[in-house]
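Hi,

Here is the structure I said I'd pass on.

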Amino acid sequence: LEELRSSNANVILPQKPHYLGKPILHLPLRDFVKDVSPYKHSITGDTMIFSPDGWASGALEFPLPDGNISDITLTANVMFIGGARGNMFGIDSEDNAFFWQHRMGTCTVLETWDSSYDHDFDQAMTGDPFHLTATLSERTITIYVNGELWDQTYWSPLQFPGATFYIWGGWGMISDVRLYNTCLSEAEVWDLYQTDRR
């Protein structure tokens, strides 16, 4: 090391992947609702109920920083507890929306204002937990279930000025909610799935 430093060589130390510490919003949802991301968003609509095994249910609202969000990763662990139809979690703004919605039966939908992107998950009504991730990069939407690539489609460009992040109540239970302003890779999504599997 002394020789390397004296020769002005660059010594690169191993570091954690950049995304692990920099989500726009990170709600572990164990026994508190505090945002543990660097942004520390204020909470409104705080009506969460916590279970002893680390799940939460209820409604939360987080106004996001000003400015448009372009690349997005939206991820959480979810578990359905009934057949109710309703919005689950995601972004809603003046011009568009990008959120998960549970419909009757086993249909889980990634919803936008201009249309909806439907996925039928066999495990949605079994009461088993699973991990949902949606990424949006320019015109590409990618869906991951339990850390694995599920589907990919091309969409019209979406803009999100004045966005708010919501968790809606009544559809089921949730944990480890994360929102990133970057499009995570398949390997990064797999790492998140392994990090917190509830």
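Let me start with Tyr193, which is buried, at a relative accessible area of 11%. Keep in mind that this is a predicted model, so everything below is computed from predicted coordinates.

Tyr193 sits in helix α2. Beyond its neighbours within four places in sequence, Tyr193 is in contact with His131, Asn146 and Gly147. Its C-alpha atom is 9.8 Å from that of Tyr144, a residue 49 positions away along the chain.

Helix α2 itself covers residues 186-195, and its buried residues are Glu188, Val189, Leu192 and Tyr193. Looking down the axis of α2, these fall within an arc of 145 degrees, so they line one face of the helix. Among what covers them are the strands β5 (72-80), β10 (130-137), β11 (140-145) and β14 (172-180).

Next, the aromatics. The structure has 5 aromatic pairs. One of them is Phe80 with Trp171, an edge-to-face pair at 5.6 Å centre to centre with 65 degrees between the planes. Phe80 belongs to strand β5 and Trp171 to the loop between β13 (164-167) and β14, so this pair ties together parts that are 91 residues apart in sequence. Both Phe80 and Trp171 are buried.

Then there is Phe99 with Trp168: the ring centres are 5.2 Å apart and the planes are at 55 degrees, so this pair is tilted. Here too distant parts of the chain are linked, with Phe99 in strand β7 (residues 97-102) and Trp168 in the loop between β13 and β14, 69 residues apart.

You'll find Asp35 in the loop between β1 (25-27) and β2 (49-50), and with a relative accessible area of 1% it is buried. What does its side chain reach? A polar atom of the Asp35 side chain lies 3.1 Å from the backbone nitrogen of His26, and the side chain also reaches the backbone nitrogen of Ser37 at 2.9 Å. Setting aside neighbours within four places in sequence, the contacts of Asp35 are Ile24, Leu25, His26, Leu27, Lys40, His41 and Phe62.

For the overall picture, the chain has 198 residues, of which 47% count as buried. There are 2 helices and 14 strands. Of the contacts with a separation of 6 or more, 58% are between residues 24 or more positions apart. The chain exposes about 9900 Å², and carbon and sulfur atoms supply 49% of that.

Finally, confidence. Mean pLDDT for the chain is 77, with 75% of residues at 70 or more.

Cheers

Technical notes:
Residues numbered from 1 in each chain as written. Predicted model: local features only at pLDDT ≥ 70, side-chain atom pairs only at ≥ 80, totals over all residues. Heavy atoms only, no water. Buried < 20%, exposed > 50% of the residue type's maximum accessible area, 1.4 Å probe, protein only. Helix = DSSP H or I, 4+ residues; strand = E, 2+ residues; numbered from the N terminus. Arc of directions from axis to C-beta. Contact = heavy atoms within 4.5 Å. Polar contact = N/O pair within 3.5 Å; in protein donor to acceptor, adjacent residues only side chain to side chain. Phe/Tyr/Trp six-rings, centres within 6.5 Å; stacked < 30°, edge-to-face > 60°. pLDDT = per-residue confidence, 0-100. Areas by Shrake-Rupley, 256 points an atom, 1.4 Å probe, with all protein chains shown as cover.
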